[in-house]
Amino acid sequence: MKIAIMGAMREEIEPILESVGSYTSSDHAGNTFYECRYEGHDLIIAYSKIGKVFSAITASVMIERFGAEKLLFSGVAGGISKELKIGDLVMASALCQHDVDITAFGHPYGFIPEGSVMVDADRSLIDLAKEVARSMGVDVKEGIIATGDQFVASAERKHWIEATFKADALEMEGASVACVCANFGVPFFILRAISDSADGDAGMDFDTFLQSSAKVSARFILEMVKRLGN
Ligand code: SAH
(Lines give C-alpha, C1' and ligand atoms only; values in the text may rest on other atoms or scores of the structure.)
Protein backbone atom coordinates (compact mmCIF):
# COMPACT_ATOMS: atom_id res chain seq x y z
CA MET A 1 0.00 0.00 0.00
CA LYS A 2 1.15 3.55 -0.67
CA ILE A 3 1.04 5.48 2.59
CA ALA A 4 1.63 9.20 3.01
CA ILE A 5 3.20 10.43 6.24
CA MET A 6 3.17 14.16 6.64
CA GLY A 7 4.11 16.77 9.20
CA ALA A 8 4.06 20.55 9.13
CA MET A 9 7.60 21.29 10.28
CA ARG A 10 10.95 19.70 9.45
CA GLU A 11 11.30 18.61 13.10
CA GLU A 12 8.11 16.55 12.77
CA ILE A 13 9.32 14.34 9.92
CA GLU A 14 13.04 14.17 10.73
CA PRO A 15 12.57 11.35 13.27
CA ILE A 16 10.63 9.43 10.62
CA LEU A 17 13.29 9.88 7.94
CA GLU A 18 15.94 8.81 10.46
CA SER A 19 14.07 5.54 11.06
CA VAL A 20 13.14 4.38 7.56
CA GLY A 21 16.62 3.71 6.13
CA SER A 22 17.44 4.88 2.62
CA TYR A 23 15.06 7.05 0.62
CA THR A 24 14.94 9.11 -2.56
CA SER A 25 13.68 12.68 -2.79
CA SER A 26 12.07 14.90 -5.41
CA ASP A 27 10.80 18.48 -5.43
CA HIS A 28 7.33 19.50 -6.50
CA ALA A 29 5.06 22.52 -5.84
CA GLY A 30 7.45 24.08 -3.37
CA ASN A 31 8.02 20.94 -1.27
CA THR A 32 10.44 18.05 -1.06
CA PHE A 33 8.86 14.58 -1.11
CA TYR A 34 10.77 11.58 0.22
CA GLU A 35 10.01 8.03 -1.00
CA CYS A 36 11.07 4.70 0.45
CA ARG A 37 10.05 1.10 1.14
CA TYR A 38 9.27 0.37 4.77
CA GLU A 39 7.73 -2.71 6.37
CA GLY A 40 6.19 -3.87 3.09
CA HIS A 41 4.76 -0.46 2.18
CA ASP A 42 5.68 2.36 -0.18
CA LEU A 43 5.97 5.51 1.91
CA ILE A 44 5.77 9.09 0.70
CA ILE A 45 6.94 11.50 3.38
CA ALA A 46 6.94 15.33 3.49
CA TYR A 47 6.55 18.34 5.73
CA SER A 48 4.28 21.00 4.34
CA LYS A 49 5.31 24.18 6.19
CA ILE A 50 2.98 25.68 8.76
CA GLY A 51 -0.71 26.40 8.32
CA LYS A 52 -3.85 25.36 6.48
CA VAL A 53 -2.85 26.49 2.99
CA PHE A 54 0.56 24.81 2.81
CA SER A 55 -0.72 21.63 4.44
CA ALA A 56 -3.61 21.43 1.94
CA ILE A 57 -1.16 21.75 -0.97
CA THR A 58 1.07 18.99 0.39
CA ALA A 59 -1.78 16.59 1.14
CA SER A 60 -3.24 17.16 -2.35
CA VAL A 61 0.11 16.49 -4.03
CA MET A 62 0.64 13.33 -1.99
CA ILE A 63 -2.72 12.02 -3.16
CA GLU A 64 -2.93 13.28 -6.74
CA ARG A 65 0.70 13.05 -7.85
CA PHE A 66 2.09 10.29 -5.64
CA GLY A 67 -1.04 8.13 -5.34
CA ALA A 68 -1.25 7.97 -1.53
CA GLU A 69 -3.98 5.52 -0.47
CA LYS A 70 -3.92 6.47 3.21
CA LEU A 71 -2.54 9.55 4.94
CA LEU A 72 -1.08 9.68 8.45
CA PHE A 73 -0.19 13.04 10.01
CA SER A 74 2.42 13.25 12.75
CA GLY A 75 3.11 16.41 14.72
CA VAL A 76 2.69 18.52 17.81
CA ALA A 77 -0.22 20.55 19.20
CA GLY A 78 -1.33 22.82 21.98
CA GLY A 79 -3.30 20.94 24.64
CA ILE A 80 -6.75 22.11 25.74
CA SER A 81 -8.09 19.13 27.71
CA LYS A 82 -6.83 19.00 31.29
CA GLU A 83 -6.07 15.32 30.67
CA LEU A 84 -3.41 16.28 28.11
CA LYS A 85 0.03 17.13 29.49
CA ILE A 86 3.15 17.96 27.49
CA GLY A 87 4.34 14.82 25.67
CA ASP A 88 0.89 13.13 25.74
CA LEU A 89 -0.66 11.82 22.51
CA VAL A 90 -4.01 12.86 21.08
CA MET A 91 -5.65 11.43 17.95
CA ALA A 92 -8.45 13.22 16.16
CA SER A 93 -11.89 11.65 16.06
CA ALA A 94 -12.98 14.77 14.16
CA LEU A 95 -11.45 18.11 13.19
CA CYS A 96 -12.76 21.64 12.69
CA GLN A 97 -11.48 25.05 11.56
CA HIS A 98 -11.74 27.35 14.58
CA ASP A 99 -10.87 30.48 12.57
CA VAL A 100 -13.67 30.18 9.98
CA ASP A 101 -16.24 32.87 10.76
CA ILE A 102 -19.14 33.68 8.47
CA THR A 103 -21.48 33.99 11.42
CA ALA A 104 -22.68 37.33 9.99
CA PHE A 105 -24.89 35.21 7.69
CA GLY A 106 -26.31 33.09 10.51
CA HIS A 107 -23.91 30.17 10.10
CA PRO A 108 -22.24 28.59 13.11
CA TYR A 109 -18.53 29.16 13.75
CA GLY A 110 -16.37 26.83 11.64
CA PHE A 111 -19.08 26.23 9.02
CA ILE A 112 -18.63 26.71 5.28
CA PRO A 113 -21.74 26.27 3.10
CA GLU A 114 -21.77 22.83 1.41
CA GLY A 115 -19.25 21.68 4.01
CA SER A 116 -19.60 20.75 7.68
CA VAL A 117 -18.16 22.10 10.93
CA MET A 118 -16.52 18.74 11.74
CA VAL A 119 -14.70 16.33 9.44
CA ASP A 120 -14.54 12.78 10.86
CA ALA A 121 -11.29 10.83 10.79
CA ASP A 122 -11.17 7.22 9.58
CA ARG A 123 -12.62 4.84 12.18
CA SER A 124 -10.51 1.82 11.21
CA LEU A 125 -7.26 3.81 11.57
CA ILE A 126 -8.44 5.02 15.00
CA ASP A 127 -9.17 1.40 15.99
CA LEU A 128 -5.73 0.35 14.75
CA ALA A 129 -4.17 3.16 16.82
CA LYS A 130 -5.98 1.88 19.91
CA GLU A 131 -4.46 -1.59 19.36
CA VAL A 132 -1.01 -0.08 18.81
CA ALA A 133 -1.38 2.00 21.98
CA ARG A 134 -2.28 -1.11 23.97
CA SER A 135 0.67 -3.06 22.67
CA MET A 136 3.09 -0.16 23.27
CA GLY A 137 1.61 0.47 26.73
CA VAL A 138 0.95 4.14 26.01
CA ASP A 139 -2.19 6.26 26.34
CA VAL A 140 -3.62 8.01 23.31
CA LYS A 141 -6.57 10.28 23.95
CA GLU A 142 -9.23 10.39 21.24
CA GLY A 143 -10.75 13.84 20.81
CA ILE A 144 -11.63 16.83 18.71
CA ILE A 145 -8.77 18.80 17.20
CA ALA A 146 -9.37 22.43 16.24
CA THR A 147 -7.23 23.97 13.50
CA GLY A 148 -6.60 27.60 12.59
CA ASP A 149 -3.97 29.86 11.11
CA GLN A 150 -2.95 31.16 14.53
CA PHE A 151 -0.42 30.05 17.12
CA VAL A 152 -2.68 30.17 20.17
CA ALA A 153 -0.85 31.52 23.19
CA SER A 154 -3.78 32.92 25.15
CA ALA A 155 -5.92 31.26 27.80
CA GLU A 156 -8.89 33.33 26.63
CA ARG A 157 -8.69 32.18 22.98
CA LYS A 158 -8.06 28.60 24.04
CA HIS A 159 -11.14 28.58 26.29
CA TRP A 160 -13.25 30.09 23.51
CA ILE A 161 -12.15 27.27 21.18
CA GLU A 162 -12.90 24.70 23.87
CA ALA A 163 -16.35 26.14 24.56
CA THR A 164 -17.27 26.60 20.89
CA PHE A 165 -16.02 23.29 19.43
CA LYS A 166 -15.55 21.03 22.51
CA ALA A 167 -11.98 20.71 21.28
CA ASP A 168 -9.32 18.78 23.19
CA ALA A 169 -6.29 20.13 21.32
CA LEU A 170 -5.49 22.77 18.74
CA GLU A 171 -2.97 23.18 15.97
CA MET A 172 -2.58 24.68 12.51
CA GLU A 173 -2.91 21.92 9.85
CA GLY A 174 -5.13 19.00 10.86
CA ALA A 175 -8.51 20.20 9.59
CA SER A 176 -7.17 21.34 6.22
CA VAL A 177 -5.50 17.95 5.67
CA ALA A 178 -8.75 16.32 6.79
CA CYS A 179 -10.75 18.34 4.23
CA VAL A 180 -8.38 17.38 1.43
CA CYS A 181 -8.48 13.68 2.33
CA ALA A 182 -12.25 13.64 2.78
CA ASN A 183 -12.74 15.29 -0.60
CA PHE A 184 -10.44 12.80 -2.34
CA GLY A 185 -11.90 9.84 -0.42
CA VAL A 186 -8.56 8.95 1.19
CA PRO A 187 -8.69 7.55 4.77
CA PHE A 188 -6.67 9.73 7.12
CA PHE A 189 -5.38 9.78 10.69
CA ILE A 190 -4.16 12.87 12.58
CA LEU A 191 -1.89 12.30 15.57
CA ARG A 192 -0.36 15.00 17.73
CA ALA A 193 1.86 14.99 20.80
CA ILE A 194 1.35 17.96 23.09
CA SER A 195 4.12 20.59 22.95
CA ASP A 196 2.44 23.35 25.03
CA SER A 197 -0.85 24.31 26.64
CA ALA A 198 -1.84 27.12 24.24
CA ASP A 199 -1.68 29.66 27.07
CA GLY A 200 0.66 32.51 27.98
CA ASP A 201 3.63 30.10 28.26
CA ALA A 202 2.94 28.42 24.92
CA GLY A 203 5.75 30.05 22.95
CA MET A 204 8.43 29.10 25.45
CA ASP A 205 7.08 25.59 26.02
CA PHE A 206 6.77 25.00 22.27
CA ASP A 207 10.44 25.84 21.72
CA THR A 208 11.45 23.57 24.61
CA PHE A 209 9.28 20.56 23.75
CA LEU A 210 8.89 20.62 19.94
CA GLN A 211 11.61 18.05 19.30
CA SER A 212 10.84 15.62 22.13
CA SER A 213 7.08 15.68 21.47
CA ALA A 214 7.57 15.34 17.69
CA LYS A 215 9.57 12.16 18.37
CA VAL A 216 6.81 10.68 20.53
CA SER A 217 4.31 11.19 17.71
CA ALA A 218 6.67 9.92 14.98
CA ARG A 219 7.47 6.73 16.89
CA PHE A 220 3.78 5.94 17.28
CA ILE A 221 3.03 6.59 13.60
CA LEU A 222 5.80 4.20 12.51
CA GLU A 223 4.34 1.50 14.78
CA MET A 224 1.01 2.01 13.04
CA VAL A 225 2.64 1.63 9.62
CA LYS A 226 4.13 -1.71 10.75
CA ARG A 227 0.63 -2.93 11.63
CA LEU A 228 -1.14 -1.73 8.49
CA GLY A 229 -2.15 -4.60 6.23
CA ASN A 230 -1.44 -4.46 2.51
N1 SAH B 1 8.27 28.32 16.17
C2 SAH B 1 7.84 28.13 14.80
C3 SAH B 1 6.36 28.36 14.62
C4 SAH B 1 5.55 27.26 15.24
S5 SAH B 1 3.86 27.37 14.85
C6 SAH B 1 8.63 29.10 13.91
O7 SAH B 1 9.01 30.16 14.36
O8 SAH B 1 8.85 28.74 12.75
C9 SAH B 1 3.25 25.98 15.75
C10 SAH B 1 3.25 24.63 15.03
O11 SAH B 1 2.99 23.59 15.96
C12 SAH B 1 2.14 24.49 13.99
O13 SAH B 1 2.56 23.66 12.96
C14 SAH B 1 0.96 23.91 14.80
O15 SAH B 1 0.29 22.90 14.09
C16 SAH B 1 1.58 23.30 16.05
N17 SAH B 1 1.16 23.90 17.35
C18 SAH B 1 1.70 23.54 18.54
N19 SAH B 1 1.21 24.29 19.54
C20 SAH B 1 0.32 25.17 18.99
C21 SAH B 1 -0.48 26.22 19.51
N22 SAH B 1 -0.46 26.54 20.80
N23 SAH B 1 -1.27 26.92 18.65
C24 SAH B 1 -1.30 26.60 17.34
N25 SAH B 1 -0.53 25.64 16.78
C26 SAH B 1 0.28 24.91 17.59
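This is a predicted model: local features need pLDDT of at least 70, side-chain atom pairs count only at pLDDT 80 or more; totals for chains, interfaces and linings use all residues.
**Entry 1: ligand shell**

I began with the surroundings of the ligand and found 18 residues there, the closest being Val152, Met172, Glu173, Asp196 and Phe206. I then sorted the shell by residue class, which gave 11 nonpolar, 3 polar and 4 charged residues.

Glycine 78 places a backbone N or O atom 3.3 Å from a nitrogen atom of the ligand. For valine 152, a backbone N or O atom lies 2.9 Å from a ligand nitrogen.

I noted alanine 29, which has a positive phi of about 50 degrees without being a glycine. Alanine 29 sits in the loop between strand E2 (24–28) and strand E3 (31–38). Its relative accessibility is 48%, so I recorded alanine 29 as partly exposed.

Glutamate 39 also has a positive phi of about 50 degrees and is not a glycine. I located glutamate 39 in the loop between E3 and strand E4 (41–47). With 46% relative accessibility, glutamate 39 is partly exposed.

**Entry 2: aromatic pairs**

I found 5 aromatic pairs in the structure. One of them joins tyrosine 23 and tyrosine 34 edge-to-face, at 5.4 Å centre to centre and 85 degrees between the planes. Tyrosine 23 belongs to the loop between helix H1 (10–19) and E2, and tyrosine 34 to strand E3, 11 residues apart. Tyrosine 23 is partly exposed at 38%, whereas tyrosine 34 is buried at 14%.

I then examined phenylalanine 151 and phenylalanine 206: their ring centres are 5.7 Å apart and their planes meet at 80 degrees, so I classed the pair as edge-to-face. This pair spans 55 residues, from the loop between strand E8 (140–147) and helix H4 (155–165) to helix H6 (residues 202–227). Phenylalanine 151 is partly exposed at 42% relative accessibility, and phenylalanine 206 is buried at 16%. Phe206 is also among the residues closest to the ligand.

I recorded a cluster as well, in which ring pairs link Tyr109, Trp160 and Phe165.

**Entry 3: a charge over a ring**

Last, I noted that lysine 49 lies over the face of phenylalanine 54, 4.7 Å from the ring centre.

Note on methods. Residues are numbered from 1 along each chain as its sequence is written. Side-chain values use heavy atoms; hydrogens and water are left out. A residue is near a molecule or strand if one of its heavy atoms lies within 4 Å of it. A polar contact is a pair of N or O atoms within 3.5 Å; within protein, one must be able to donate a hydrogen and the other to accept it, and residues adjacent in sequence count only if both atoms are side-chain atoms. Ala, Val, Leu, Ile, Met, Phe, Trp, Tyr, Cys and Pro count as nonpolar, Asp, Glu, Lys and Arg as charged, and the others, Gly among them, as polar. Helices (H or I, at least four residues) and strands (E, at least two) are DSSP runs, numbered from the N terminus. Buried means under 20% relative accessible area, exposed over 50%, partly exposed in between (1.4 Å probe, protein chains only). Rings of Phe, Tyr and Trp (its six-membered ring) pair if their centres lie within 6.5 Å; planes under 30 degrees apart count as stacked, over 60 as edge-to-face and the rest as tilted. A charge sits over a ring if NZ of Lys or CZ of Arg is within 6 Å of the ring centre and within 35 degrees of the ring normal.
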